[in-house]
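This briefing is intended to be read beside the sequence and the three-dimensional view. Please keep both open while working through the topics below.

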Amino acid sequence: MNSPQAIVIGCSAGGLNALETLFAGLDRALPQPIAVCCHTGSATVDLMCELLGQHATLRVVEARERASLEGGVIHIAPSGYHLLVEASHRFALSVDERVSFARPSIDVLFDSAAEAYRDGLIGVLLTGANRDGAEGVARIRHCGGVAIVQDPADAAVPVMPQAALELAGADHCLPLAAIAPLLNRLCLT
Amino acid sequence: MNTLAGPTPPPDTVLEDIEVELFVRALKLRYGYDFSQYAPASLKRRVLQLVQAQHADTVSAITARLLHEPDFLPVVLEGLSVPVSEMFRDPDVFRALREQVFPVLASYPQINIWQAGCAHGQEVYSLAILLEEAGLYERSQIYATDFNESALNQAQEGIYPARDAQLWSRNYLAAGGSHSLADYYSARYELIKLDQRLRRNVIFANHNLVTDEVFCEAHLVLCRNVLIYFSDPLQDRTLGLFRDSLVRGGFLCLGTRESLAFAPSAVDFTPMNAALRIYRLESRNGGGG
Ligand SMILES: C[S@@+](CC[C@H](N)C(=O)[O-])C[C@H]1O[C@@H](n2cnc3c(N)ncnc32)[C@H](O)[C@@H]1O
């Protein structure tokens, strides 16, 4: 792959805790933008941004329509909308049908980011109880990006990482604790 | 990087991009429907979904059908439109319309409302109910428009899956509804049908925001989650259309996550409730479109 230009992260059931751990371990000098799709039942992600912000080394904000992805910032997909990345490296939203029962859907974020960043993208798929993200991981790898999937044995809910591994495989399959150090290594060189 | 050198296995995303561009051109040249200024990522997703739904192998295959089979056009338009909606989605918005906008509308002898991109009509009926409960419906006229003809037909019918009723009832109450949503529909088998009296002051019409002009003088334009599908220039052009349609001091209500940061026309609109994306047209200078 080329030097990484962006990171996308997907998670579902058990995801909030996993994100807390992950974000606490990221180097605060990380220059790449990060976009996150985390399924949540709540109407807004205000609280999620606040909670995650308390542990994160980087700033956590809700992703804004049409805004550029900002380096060193964690952008959270708004609830009720699919979050997409355009080739111009700006965010777009849609209220298209749910994908794998989810909106925002990880596949939608990963697919669009894979095409926007091609071999400059790192995708991370964590714990979850459905199959969302599997197609997206496949698309990321097809476009030359790097896929990191949490070891299902280590995940709070293994279904999602397991489904991705079965469909698409991964470049790295690791326990959660090892993912932030790997991202730091890949992204700071 | 972005070249086609070598035998790349399908689906190659670069090849797909070329095909999508040709598809969009074909649609425009052949039928006059112009999607060239839609936001590319979600447009591509929908085109690829159409390919799948048609059991076609490539985008080019459906482009060929589109060119040669006029009967295929409605299927394509239906596939590119996203008639996904809810009644009283974002209840806070409807509450704000009721509490902050309606009192101003009440000062007009005749109230014209343009609901652009009305999908299957969920928001049309939501508005009608609110107006009814505020005692304003008798002097209101709602123009509900969309370019998706089959969605418009469904909107007129006002029939929806009964499984949605529970969420919509909760939304209605959260929006400050003063009855029960069930008072406004009848349930039958797996379906609910909205009281057709709610339609008495609604005109459903086919209108394409890309190519059609202003057709009424509106006091409120409701256009939620439509401009998110437009790239910056088309978003800006459409805002110009709304500006030209609105009376001075008229209201514009967009989706709660929409951004006007890249639209020059936004200067004509003053936020009235910024969080809920309710704006007011303050002046008419600037003109044109
Ligand atoms: C996601 S729905 C929005 C429904 C509703 N306003 C809501 O927010 O729940 C978007 C609608 O915009 C319509 N639309 C898209 N492009 C349009 C255009 N150029 N002219 C008119 N309607 C359009 C689609 O057909 C679809 O019904």
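How much area do chain A and chain B bury between them? Chain A and chain B bury about 2500 Å², 45% of it on carbon and sulfur atoms; buried area is the accessible area (1.4 Å probe) that two parts lose on being put together, summed over both. The model is predicted, so local features need pLDDT of at least 70 and side-chain atom pairs count only at pLDDT 80 or more, while totals for chains, interfaces and linings use all residues. Residues are numbered from 1 along each chain as its sequence is written, chains are lettered from A and ligands numbered from 1 in the order in which they are written, and side-chain values use heavy atoms, with hydrogens and water left out.

**The interface of chain A and chain B**

- The contact (heavy atoms within 4.5 Å) takes 30 residues from chain A and 33 residues from chain B.
- Seven salt bridges cross this interface; a salt bridge is a side-chain nitrogen of Lys or Arg within 4 Å of a carboxyl oxygen of Asp or Glu.
- B:Arg46 and A:Asp96 meet through their side chains in a salt bridge, at 3.3 Å from N to O.
- On the side of chain A that touches chain B, helix 3 of chain A gives the most, with five residues. Helices (H or I, at least four residues) and strands (E, at least two) are DSSP runs, numbered from the N terminus.

**Salt bridges around B:Lys44**

- Over all chains, the structure holds 23 salt bridges.
- B:Lys44 forms a salt bridge with B:Glu16, with the closest N and O atoms 3.3 Å apart. Because B:Lys44 lies in helix 2 (residues 40-53) and B:Glu16 in helix 1 (residues 13-31) of chain B, the pair ties together parts that are 28 residues apart in sequence.
- B:Lys44 is buried at a relative accessible area of 8%, and B:Glu16 is buried at 7%. Buried means under 20% relative accessible area, exposed over 50%, and partly exposed in between (1.4 Å probe, protein chains only).
- B:Lys44 also meets B:Asp17 in a salt bridge of 2.7 Å, N to O. B:Asp17 is partly exposed, at 38% relative accessibility.

**Two buried residues in helices of chain B**

- B:Asn171 is in helix 8 (residues 165-174) of chain B and counts as buried, at 8% relative accessibility.
- The side chain of B:Asn171 makes a polar contact with that of B:Glu86 (3.3 Å). These two residues are 85 residues apart along the chain, and their C-alpha atoms are separated by 9.2 Å.
- B:Thr63 lies in helix 3 (residues 59-68) of chain B and is buried, at 9% relative accessibility.
- Leaving aside neighbours within four places in sequence, B:Thr63 is in contact with B:Glu19, B:Leu22, B:Phe23 and B:Ala26.

- For A:Cys187, the nearest cysteine sulfur is that of A:Cys11, 17 Å away; A:Cys187 is buried, at 5% relative accessible area.

Definitions and conventions. A disulfide is a pair of cysteine sulfur atoms within 2.5 Å. A polar contact is a pair of N or O atoms within 3.5 Å; within protein, one must be able to donate a hydrogen and the other to accept it, and residues adjacent in sequence count only if both atoms are side-chain atoms.
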